[in-house]
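Dear colleague,

Please find the structure below, handed over for your records.

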Amino acid sequence: MDNCSVLHLLLMIFIMPGWLGGDLIISRKQQEIRSSKASRGSHLRVRRGWIWSQIFVEEEDPTPRKIGQLKSDYDTGDFTTKYILSGEGAGEIFIIDEYTGDLHSLQSLDRELKPFYILQAQAINRRSKQPVEPESEFIIKVQDINDNAPEFINEPYISSIPEMCPTGTTVIQVTATDADDPLFGNNAKLIYSILQGEPYFSVEPKTGIIVTSWSNMDREAREVYLVVVQVKDMLGLNGGYSATTTVTISLMDVNDNGPTFQHNLYTFAISESAPAGTTVGRIMADDSDVGLNAKMNYSLEDLEESSTFTIQTDPDTQEGIVILDQPLDFESKRRYVIAVEAINENIDTRFLSAYEFQDRTTLKITVTNVDEPPIFSETSYSWKVLESAQIGTQVGTIYARDTDTTNNPIRYSISKSSDTRQIFRIDPSNGTVYVANRLDRETAAWYNLTVNAREIRDDQLSSSVSVLISVLDVNDNVPTLSQDYQPYVCEDTQAGELIELISATDADDPVDGHHFYFSMIPDKHINPNFTIRDNQDNTASILARRSTFTQHDRTHYYLPVVIRDSGSPILSSTTTLTIRVCVCQPTGHCPSAGVEAQALALDLNMQILLGLCVCLITLAELLC
């Protein structure tokens, strides 16, 4: 409504108070004129003006009906007064009986499109054609009914809260709107409730604020919650409309777990000839937390009052690396027993006491005689091999030698405990490692082998070395759809309308990331029903090619989707989507009734077959 209309409406309210209350309406100008006429002669009758009450029309009622009456108190009922209606909707939506002043509505109205109509009424004398009453404005107000369902806005709802947070912690607020009149009845008065997510979460019925209702939720036990919130109009009373939305709530990690060693004793061996800086071995304390909360520091407490070894924390794996710091002497000391402590970097005493953020274990390090064990050419080996490598492919060669003057020959072997599946084999004579079984990077991306080198003669002393083999990816997995899509098309779908947005996944791990391409199966005939548009972002849109689908014609459509990756060689797969035809709600949602209607689409032959089966079963029961 523009400013002029508003001003005009306000003037009507102040000038014609009877419009709101249904009382007699007398304009000030009429009173002055009629008072002046009355003063000239008592034979002139003072007329009081228009008579009408405020007029309401309920929306969505297509039945033509009388909605009110406009009448002048000058009208004596002899039909000499003619009533004329003009303004918004006059003659099309509203008509007036020119003899009685009865008002009628002719069409169904929609309050959400137009809440009221401003019209003008005039009464004239049929004989003289002169106005009996001056033209006056009045308003017909459209009365609301509950014909709109609430809708959630600002979807999707995603939030995160710290684990172990107290009950009553605010998570997120969901908001729904209703197009009905908020000032009339309960049509637009909304109530929120939880359909899924209790007893962990609850929602404030009037505000839609979701809060925690379960204390001590543990991320290590469950990280993500899907909470389904329902909103209903009519204050939740029967007969109203409702809508739902899903809120994804993730628990953020807090430091509520301390490090824990899995063993009370770790044993290592090191040659007395090993130089300072040699890695003796690695140990690790497990911590269920992640990120900064899982970071820890290791320290050594030498129970025999020496500082022969140090320990460092690997920043990537959080392992404790035990390192030789001083020279060893087999003849003077052959064994070291050392206490190791692991402690979190970041301690949060809200959840655990300070001493619970640390743990202790014991290291037993044995010094071997320098004259006996073989010495490897490297302290550790790191190789790479393609997962497509054939059995028998050479991966690398380990070299060890006996530093003794006898220079005994060396025999190599792989520790069974480090290669339980026997993926690799080693030539016992020259230390060459080969592929012995099929590799699959998606199953195991790396192998940490322990290779033993043993002298053949004398005391057959041996040493071992760690061999880390990284399996490199090749494109050996076809792309597939990322989920089991259940698309449907509404009967009133228009051409070009989005039916489903699909994406793909691939078990491979290309260096440049995944690039998927979507298309339809090449065919000389163009699919008349649907088409696929590749969005160039690893997703594709399923679009309707035509309008007006009906279950009467067909309940299902099948659409093959071809997905190609960008690897070498290029791999592809074809998946057929089943697109259901559904009788959708105005919001576009496919209700269960839309699915049930498909069951009625069984052809006559199937119904006859089912009927025969039932008869045979009944006959068998009677005979038995």
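A residue is called buried under 20% relative accessible area, exposed over 50% and partly exposed in between (1.4 Å probe, protein chains only). This is a predicted model, in which local features need pLDDT of at least 70 and side-chain atom pairs count only at pLDDT 80 or more, while totals for chains, interfaces and linings use all residues. Residues are numbered from 1 along each chain as its sequence is written, and side-chain values use heavy atoms, with hydrogens and water left out.

The structure holds 15 aromatic pairs (ring centres of Phe, Tyr or the six-membered ring of Trp within 6.5 Å; planes under 30 degrees apart are stacked, over 60 edge-to-face, the rest tilted). One of them joins F94 and Y117, which is edge-to-face because the planes stand at 75 degrees, with the centres 5.3 Å apart. Both F94 and Y117 are buried. Another edge-to-face pair, F309 and Y336, has 5.1 Å between centres and 85 degrees between planes. This pair links strand β24 (residues 309–313) to strand β26 (residues 335–344), with F309 and Y336 27 residues apart; strands are DSSP runs of E, at least two residues, numbered from the N terminus. F309 and Y336 are buried.

The charged end of K333 sits over the ring of Y336, 4.9 Å from its centre (NZ of Lys or CZ of Arg within 6 Å of the ring centre and within 35 degrees of the ring normal).

S573, in strand β44 (residues 572–582), counts as buried because its relative accessibility is 13%.

Yours sincerely

Technical notes: Helix = DSSP H or I, 4+ residues; strand = E, 2+ residues; numbered from the N terminus.
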